[in-house]
Amino acid sequence: MAAITEGFDPRNVNLTDVSDDLYRDIICFLSASTDGSDSRLTLRISALFVILCSSTVTTLFPVVATRVHIFHIPLYVYLFARYFGAGVIIATAFIHLLDPAYEAIGPASCVGLSPGWSGYPWPAGIAMTSAMLIFLLDFGAEWFVEKKFGLEHQHLSVEATVTDGHRGRKFSIQSHHSHQFLHSADQDERLCDETPGAEKPNPIHRIEPIDTPKDVEVLQSDAVIRETERAFGQRISAFMILEFGVIVHSIIIGLNLGVAGDEFSTLYPVIVFHQAFEGLGIGARLSAIPFPERFTWMPWAFCAAYGLATPLALTAGLFLSNTYDPASFTASVVSGILDSISAGILLYTGFVELLARDFLFNPDRTRDRVRLSFMLGSLFLGIILMALLGKWV
């Protein structure tokens, strides 16, 4: 409460003559939290394990489905996870990050009315700066990969990997001249042959099974290894940016849940669903990355990092529940800045990496109306459900 003027008495306020300083003192006083701790320690500890299990399992599901051969995931299950998760990420940026940032450091907040902070929409400015920096990082990563490996990219099928029942078979990789496939190659036309009512693709892009030793030897050649490296380098940078923004958000959520007071009972189930939905989106995007042999450990590490973020922050919140005030001036500044940065990251990632490259700039986007309708329906379902959760958290 460092922003309140010394001598301010909340029990004696003249509302007929409110100066800027008095208005700021009133807002800061009303924003101050009461005693955030309560005695439901057992319930709080249970939240730690429930959130750990739910977020980890939903994140691992798409990854396990693409890497464990005994699984045969239907195409529409994978599409639902992928595009429902994309909708969750976009709604998280607007409802769960940008709006709390305005509450913490916006023009009408205690911080926003304080000297040095007033007169500028800091959340919007920080989010815009964050998004543009991510654009520069994304562009730099693409430029580096193209310069290192050349301009001609390869078509790597992800949906085929997810849904093909014969995972032991090798598939040839046909050249394609668009870098788009490094981002959204999982909309593979090969699946059109397996989907009733789907249109047939151009045969030059078909992926044919390889059965001869000569073809297997070609597949394992240096050219294919370099192609995997190229696709990995292009996709992993975008994913790491996405995961960073989501993990920062998860840490703030866990810390606030750990110090929550009477509202804990409401926040608990909502955050369980919140983290599960986000985990599904993270896992679906992670499953689309072709990891080289030396990085096969990496997807499991990313899943573990997301799954542990909120429980560890919740644990910290439990230890700090008697000293940490989430409504204090310093805490508001820190959480507002971090929320704004994360909002910019997720807005850029959601609209550019997840939507534009899949729906607008993908030359091999499916022409099957049923599949397109399902993809869009899953997307908007994720947006709507995550937006509704914003009423409580």
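## A walk through a helical chain

Of the 393 residues in this chain, 52% are buried, where buried means under 20% relative accessible area, exposed means over 50%, and partly exposed lies in between (1.4 Å probe, protein chains only). Before we go on, please note that this is a predicted model, in which local features need pLDDT of at least 70 and side-chain atom pairs count only at pLDDT 80 or more, while totals for chains, interfaces and linings use all residues. Residues are numbered from 1 along each chain as its sequence is written, and side-chain values use heavy atoms, with hydrogens and water left out.

Let us begin with the overall plan. The chain has 12 helices and two strands; these are DSSP runs numbered from the N terminus, with helices (H or I) of at least four residues and strands (E) of at least two. Starting at the N terminus, the order of elements is α-α-α-α-β-α-β-α-α-α-α-α-α-α. The chain exposes about 18800 Å², and carbon and sulfur atoms supply 67% of that area, as computed by the Shrake-Rupley method with a 1.4 Å probe, where for residues only the protein chains shown count as cover. Now look at contacts, meaning heavy atoms within 4.5 Å. Among those between residues at least 6 apart in sequence, 84% join residues at least 24 apart.

Next, some individual helices. Helix α1 covers residues 20-31, and its 12 residues reach 16 Å from the first C-alpha to the last, close to the 16 Å expected at 1.5 Å a residue. The expected span is 1.5 Å times one less than the number of residues. In α1, the buried residues are Leu 22, Arg 24, Asp 25, Ile 26, Ile 27 and Cys 28. Helix α9 has 23 residues that should span 33 Å at 1.5 Å a residue, and its end C-alpha atoms are 32 Å apart, which agrees. This helix is mostly covered, with 19 of its 23 residues buried.

Which residues of α12 are buried? They are Arg 371, Met 375, Ser 378, Leu 379, Gly 382, Met 386 and Leu 389. These residues cover an arc of only 105° around the axis, so they lie on the same side of α12; the arc is that of the directions from the helix axis to the C-beta atoms. On the face turned away from that buried side, you will find the exposed residues Arg 369, Val 370 and Leu 388.

Thr 92 has its place in helix α3 and is buried, with a relative accessible area of 0%.

Now for the aromatic rings. A search of the whole structure finds 12 aromatic pairs. Rings of Phe, Tyr and Trp (its six-membered ring) pair if their centres lie within 6.5 Å; planes under 30 degrees apart count as stacked, over 60 as edge-to-face and the rest as tilted. The rings of Phe 84 and Phe 277 have centres 5.2 Å apart and planes at 80°, so this pair is edge-to-face. The pair links distant parts of the chain, with Phe 84 in helix α3 (residues 75-105) and Phe 277 in helix α9 (residues 264-286), 193 residues apart. Both Phe 84 and Phe 277 are buried. By contrast in geometry, Phe 135 and Phe 139 have ring centres 6.4 Å apart and planes at 25°, so the pair is stacked. Phe 135 and Phe 139 are four residues apart in helix α4 (residues 122-149), which means about one helical turn separates them. Phe 80, Phe 84, Phe 273 and Phe 277 form one aromatic cluster.

Finally, follow Arg 44. Its charged end sits over the ring of Phe 264, 4.6 Å from the centre; this requires NZ of Lys or CZ of Arg within 6 Å of the ring centre and within 35 degrees of the ring normal. Arg 44 is also one of the contacts of Leu 314, a residue of helix α10 that counts as buried at 0% relative accessibility. The C-alpha atoms of Leu 314 and Leu 48 are separated by 6.7 Å, although these residues are 266 apart along the chain.

Key. Lists of a residue's contacts leave out its neighbours within four places in sequence.
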